[in-house]
Amino acid sequence: MSPELAHLTALLRTIFDLGAEDDRGSPPPPSDWHRWAALVESNRLSPLLGNRLSAGMRITGMPEALARELAAAAAEEAREAAVREVALAGLRATLRAAGLDWIELKGVAVAADLYAARCERAMTDADLLLPSPEACLAAGESLAGAGFRIARDMPGHHHLAPLRDHSTLLAVELHHNLTAPPLSPAHLETLWARRVPAGEGWRFDDPARLLHHALHIANDPVDTPLLRNLVECGALAARLGAEAWEDLERLAEQVGRRGILDEVMSLASELTGCPGMKAAPSPLTFWMRRRLEWHGHPTRLGRGAPGGEGTGDLAHAEGRLPPAWIGAPAALCSVLTLRGRKTGAGRQPLRAGLSVGAGSATLVHRTDTGRCICSPAGGDRLDHRPAGGDPG
Amino acid sequence: MPVTATFHEATLGPDLVSEWRGDPLAAAAREVFPVAAAGSPAGRRVGFHLQPAPGGGGVLRMDGTPLCSVPADTHLAPLIEKIGSVLAVRLAPGWLVLHAGLMGIGDRFLLLPAERRSGKSTLCLALARHGWTYAGDDLVFFHPGRRVFHPFCKALTLKEGSFPLLPAEGKVHFDPARGPIRYFAPEHQCDSAIPAGRVVALATPLFDPASPPEGEIRPLAPELAALSLVQQLVGGAARGEGALEWIRELCALPCRILRHPGAPVSVQLARRCLEERT
């Protein structure tokens with residue numbers, strides 16, 4: 001683990017009161033605060049840390065400008081949270097008036113009881129599970145009547161296209177399933193039975209909430225805050241008594257996801273010191289470990305790129321591969337074309353392709369200034385050539 | 001509810017009233033949103049209080065929900081401004097919101113759309129000191145159906161560079177993003193709806209120390225004014241119906257760029273913008 005990730009993880013253990021006391025507190029400051037800040041930013045932890053600084057937490061050696069930046073992020077998120085609270089109340093009232101049932105997931109489901117203040121848990125939308133695809137559509141219609149409009153189209157996902165209220169800017173994802181590939185109707189029914197009241201809404205009970213958090217991590221797109229989500233899993237796990245823990249294991253088996261739970265919780269436990277499960281090293285945990293270190297830092301693939309340029313794009317391209325492919329010898333030759341997306345670092349879109357051969361994989365990545373070829377399975381070879389030549 | 005030393009009820013947006021309970025929160029809110037709410041509007045109400053911490057500051061709660069920690073009392077007012085502004089904008093369905101100042105003399109108003117850090121607030125301060133009526137230095141609301149503007153009843157917000165223009169005494173607040181901040185409540189503050197026809201001209205202020213000593217007024221072509229207005233429309237043209245039609249109407253007014261080296265030249269130029277019909 002890099003010093004920056006170790007430092008950040010220790011802070012999070014302190015904040016969430018996780019693990020042994022010796023592992024908490026403010027460890028020696030990392031030498032690279034830029035990378036530390038990039039990890040914080042990419043895990044959407046700025047408001048949490050900023051708010052804790054405002055509440056009196058001290059982080060030894062932190063540059064003053066960075067502390068101010070974090071405090072500003074907390075203030076920004078506080079105003080977002082203020083609107084979100086009012087908008088969520090309106091959303092719940094709309095669904096209740098339509099006679100619909102729902103379960104609040106992810107951020108909305110943990111903001112109230114895992115965090116000291118609403119500004120600490122940044123979220124881009126509210127995720128709700130409806131009991132059936134029909135209920136999902138009915139909820140969509142009710143929300144359309146209340147001013148929500150389709151924000152962007154996402155065909156084939158396990159939720160409807162995100163809806164957004166153009167006044168409050170609250171975005172909502174109405175889920176009819178929890179994973180891709182989908183859970184069976186029977187499994188969904190099992191989970192739906194775990195609905196408990198929470199404030200003005202509904203959420204899963206603690207074991208089911210933790211299971212869904214773990215499933216979500218395994219289903220995560222590449223640009224979601226993995227460290228934060230794992231720490232939240234740790235915080236949820238730390239609340240479970242022995243009986244609830246057994247209940248969680250039974251539930252995971254019932255819905256056929258015990259393996260995923262074990263893999264996610266073994267890593268969460270390693271990071272946070274929370275109770276966990278033992279899992280053999282797997283492609284998923286390998287992939288997650290790599291993802292934890294990606295942001296703002298050259299990966300094994302990207303190390304050596306001029307000025308680190310393109311690192312995020314390499315990580316992005318790498319992360320879009322199904323975890324099971326990482327390190328696995330591929331028998332077939334294929335070329336995938338991945339359309340690069342603008343990354344958090346504001347880099348320009350680029351194209352990357354993956355060529356997989358027997359026992360090796362070659363990633364071709366092109367930027368405006370050049371092209372690099374990486375061969376992860378063959379070691380750390382990294383080759384840069386000027387753009388415009390043979391695409392290789 | 002009565003207005004007491006430890007309670008302030010302020011109008012935030014067209015249909016939004018806020019309640020700030022307990023000092024130092026109420027005092028800070030009174031400084032930022034000085035116009036006390038009149039009567040009991042049918043709109044939404046949001047209530048805030050501060051759960052104090054021993055060394056100052058505390059946890060700010062909205063309707064009982066903890067929003068954030070405040071490190072010291074000096075951080076309260078800028079936070080109140082941020083939260084109040086975003087609630088005003090986003091809890092005003094049906095209203096269009098422009099990032100602009102609005103100042104008037106008598107029943108004629110000058111709209112001042114401009115980007116942040118362009119000197120809007122400093123110009124508004126100079127105009128307010130010359131007897132102009134203040135209707136906002138940051139946000140202006142417009143309802144296309146009712147055909148009215150609504151002022152944003154916030155005090156002028158001035159950053160450190162403008163402090164020499166203010167009286168020496170006065171509270172200095174701190175914002176982690178903007179640095180030191182002071183608030184100024186103009187003597188003549190408009191707190192009621194302004195019929196659309198009373199906004200007679202549009203001027204984009206441009207503070208430029210290198211401009212001629214007498215400043216200059218340049219006409220702004222309607223298509224460029226339209227582009228600038230779309231940029232300053234909060235939430236973009238998709239926010240509400242009638243946005244583009246409203247912009248078309250605004251572009252039919254005399255539109256100018258007001259380039260100035262500071263007060264008092266800016267005041268003279270603004271007056272010309274308001275008085276010259278074409």
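A search of the whole structure finds 5 cavities of 30 Å³ or more. The largest cavity holds about 130 Å³ of space. On a 1 Å grid over the protein atoms alone, a cavity is a set of points where a 1.4 Å probe fits but cannot get out, and lining residues have an atom within 4 Å of a point. Grid points are joined across faces, edges and corners, and a volume is the space filled by probe spheres set on the points.

This is a predicted model, in which local features need pLDDT of at least 70, side-chain atom pairs count only at pLDDT 80 or more, and totals for chains, interfaces and linings use all residues. Residues are numbered from 1 along each chain as its sequence is written, chains are lettered from A and ligands numbered from 1 in the order in which they are written, and side-chain values use heavy atoms, with hydrogens and water left out.

**The largest cavity**

- The largest cavity is lined by 16 residues, and the closest to its centre are A:Ala71, A:Ala75, B:Pro71, B:Leu79 and B:Pro176.
- Chain A gives two or more lining residues from each of helix 3 (46-54) and helix 4 (64-97).
- Helices (H or I, at least four residues) and strands (E, at least two) are DSSP runs, numbered from the N terminus.
- The lining of the largest cavity divides into 10 nonpolar, 4 polar and 2 charged residues. Ala, Val, Leu, Ile, Met, Phe, Trp, Tyr, Cys and Pro count as nonpolar, Asp, Glu, Lys and Arg as charged, and the others, Gly among them, as polar.

**The second largest pocket**

- The second largest pocket has a volume of about 1,200 Å³. A pocket is an open set of grid points with protein on both sides within 12 Å along at least five of seven lines.
- Of its 45 lining residues, B:Arg116, B:Arg117, B:Ser121, B:Asp138 and B:Lys159 are the closest to the centre.
- At least two lining residues come from each of helix 4 of chain A and helix 2, helix 3 (120-129) and strand 11 (156-159) of chain B.
- Helix 3 of chain B supplies the largest share of this lining, 7 residues.
- The lining of the second largest pocket has 13 nonpolar, 16 polar and 16 charged residues.

**Helix 3 of chain A**

- In helix 3 of chain A, 9 of the 9 residues are buried, so the helix is largely enclosed by the rest of the structure. Buried means under 20% relative accessible area, exposed over 50%, and partly exposed in between (1.4 Å probe, protein chains only).
- The buried residues include A:Pro47, A:Leu48, A:Asn51 and A:Arg52.
- They pack against helix 1 (3-15), helix 2 (33-42) and helix 4 of chain A, and against strand 5 of chain B.
- Just after helix 3 of chain A, A:Gly56 takes a positive phi of about 110 degrees.

**Salt bridges**

- The count comes to 42 salt bridges over all chains. A salt bridge is a side-chain nitrogen of Lys or Arg within 4 Å of a carboxyl oxygen of Asp or Glu.
- A:Glu64 and A:Arg68 form a salt bridge (3.4 Å, N to O). Both lie in helix 4 of chain A, 4 residues apart, about one turn of the helix.
- A:Glu64 is exposed at 60% relative accessible area, and A:Arg68 is partly exposed at 35%.
- A:Glu76 and A:Arg79 also meet in a salt bridge (3.4 Å, N to O). They sit 3 residues apart in helix 4 of chain A, so about one helical turn separates them.
- A:Glu76 is partly exposed at 30% relative accessibility, and A:Arg79 is partly exposed at 23%.
- A:Glu76 and A:Arg79 belong to a network of salt bridges with B:Glu81, B:Lys82, B:Asp137, B:Lys154, B:Asp175 and B:Arg178.
- A:Glu85 and A:Arg118 meet in a salt bridge (3.1 Å, N to O). This pair links distant parts of the chain, 33 residues apart: A:Glu85 is in helix 4 of chain A, and A:Arg118 is in the loop between helix 5 and strand 2 of chain A.
- A:Glu85 and A:Arg118 are both buried.

**A:Tyr115**

- A:Tyr115 lies in the loop between helix 5 (106-114) and strand 2 (126-129) of chain A.
- A:Tyr115 counts as buried, at 6% relative accessibility.
- Beyond its neighbours within four places in sequence, A:Tyr115 is in contact (heavy atoms within 4.5 Å) with A:Phe16, A:Leu48, A:Val110, A:Glu120, A:Arg121, A:Arg228 and A:Glu232.
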